[in-house]
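Have a look at it first, and then we can go through a few spots together.

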Amino acid sequence: MTSLTAKDKDRVKTFWAQVSGKVEDIGSEAMARMLIVYPQTKTYFAHWKDVSPFSPSAKKHGITVMGGVAFAVTKIDDLKAGLLNLSELHAFTLRVDPANFKIMSHCIMVVMANMFPEDFTPQIHVAMDKFLSALALALAEKYR
Amino acid sequence: MVEWTDFERATIADIFSKMEYEVIGPAALSRCLVVYPWTQRYFGNFGNLYNAAAIIGNPMVAKHGTTILHGLDRAVKNMDNIKSEYAELSVLHSEKLHVDPDNFKLLSDCLTIVVSAKLGKEFNGEVQAAFQKFLAVVVTSLGRQYH
């Protein structure tokens, strides 16, 4: 299903180990940026009291999303199987348009570059981009 | 006509006033060629693009990256007329260079990431929004004259 090479997986896992201490910060920062830069994404959070980018709800949700990404790293050898439950959640309950996965991935990578400028090299960037794309694909698996 | 807020104008002016063209340009283009390897199709005569290290160290890529980044200057100088500023360049990219306009978005994403890495904390959400809006207008204008 995925075109992630052994090298890609290695790079993702290595970089992940480097940033593991800041995963929550990455998550809430990426979430905030997504709400600011792509205001249409706020439509999914109309049920929040406070949809502002640095609200407690947004922060918490960024951490949740990033937790999902962290989980996906552990399932990198079979994302489709590993993310089955999450895919069902997104397909039947959340019904997030998959175009938004791309948006979130972009924001995550902007934050990674921002917080780890020396480590987010072009080689790591391409591996991470491929991984997040494969993740998005696995997440959309149960949509139709 | 694109509406720009004072904040957006100031942000774009600020970013480009201290832009290190010879660092950021090459970094953005080489990153694009590494992350989206199909973009290499337009650089058949650039010599060694066989792997990431070769691309990043390639002097022709570096030179061209700088050229492309300077290409944004005209938009910075005339934010209210970006569409007309790029009419000629759009024709060039379509008729002569035959570049798929989707590639403009890929390069602008890489530029955003490179600038994010360079500016750090200063490149917050609002700044990112302004920068991406600016690049989106440039990208649209460059694709405008395709037919």
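Predicted model: local features only at pLDDT ≥ 70, side-chain atom pairs only at ≥ 80, totals over all residues.

**Two helices in chain A**

Start with helix H6 (residues 99–115) and helix H7 (residues 122–139), both of chain A, whose axes come within 10 Å and cross at roughly 150 degrees. Angles over 145 degrees count as roughly antiparallel, and H6(A) and H7(A) are therefore roughly antiparallel to each other. The crossing of H6(A) past H7(A) is right-handed. On the H6(A) side, the contact is made by Phe101(A), Ser105(A), Ile108(A), Met109(A) and Met112(A). H7(A) brings His125(A), Met128(A), Asp129(A), Leu132(A), Ala136(A) and Leu139(A) to the contact. Sorted by class, that makes eight nonpolar, two polar and one charged residues between H6(A) and H7(A).

**Rings that pair up**

How many aromatic pairs are there over all chains? The count comes to eleven. Here are two of them, both in chain A:

| Pair | Centre to centre | Angle between planes | Geometry |
|---|---|---|---|
| Phe15(A) and Phe116(A) | 6.1 Å | 80 degrees | edge-to-face |
| Phe101(A) and Tyr143(A) | 6.4 Å | 85 degrees | edge-to-face |

Take the pair of Phe15(A) and Phe116(A). Phe15(A) sits in helix H1 (residues 6–19) of chain A and Phe116(A) in the loop between H6 and H7 of chain A, so the pair ties together parts that are 101 residues apart in sequence. Phe15(A) is buried, at 0% relative accessibility, and Phe116(A) is buried too, at 12%.

Now for Phe101(A), which you met in the helix contact. Is Phe101(A) buried or exposed? With 10% relative accessibility, Phe101(A) is buried, whereas Tyr143(A), at 24%, is partly exposed.

Over in chain B, ring pairs join Trp4(B), Phe16(B), Phe123(B), Phe131(B) and Phe134(B) into a cluster.

**A threonine in chain B**

Last stop: Thr112(B), found in helix H8 (residues 102–119) of chain B. Thr112(B) has 1% relative accessibility, and buried means under 20%, so Thr112(B) counts as buried. What does Thr112(B) contact, leaving aside its neighbours within four places in sequence? From chain A there are His106(A) and Val110(A). From chain B there are Phe123(B), Phe131(B), Gln132(B) and Leu135(B). Phe123(B) and Phe131(B) also belong to the ring cluster.

Terms used:
Residues numbered from 1 in each chain as written. Chains lettered and ligands numbered in written order. Heavy atoms only, no water. Helix = DSSP H or I, 4+ residues; strand = E, 2+ residues; numbered from the N terminus. Buried < 20%, exposed > 50% of the residue type's maximum accessible area, 1.4 Å probe, protein only. Contact = heavy atoms within 4.5 Å. Axes fitted to C-alpha atoms, helices over the stretch in contact; angles between N-to-C directions. Parallel < 35°, antiparallel > 145°, perpendicular 65-115°, else oblique. Left-handed = near helix turned anticlockwise from the far one by under 90°. Nonpolar A, V, L, I, M, F, W, Y, C, P; charged D, E, K, R; others polar. Phe/Tyr/Trp six-rings, centres within 6.5 Å; stacked < 30°, edge-to-face > 60°.
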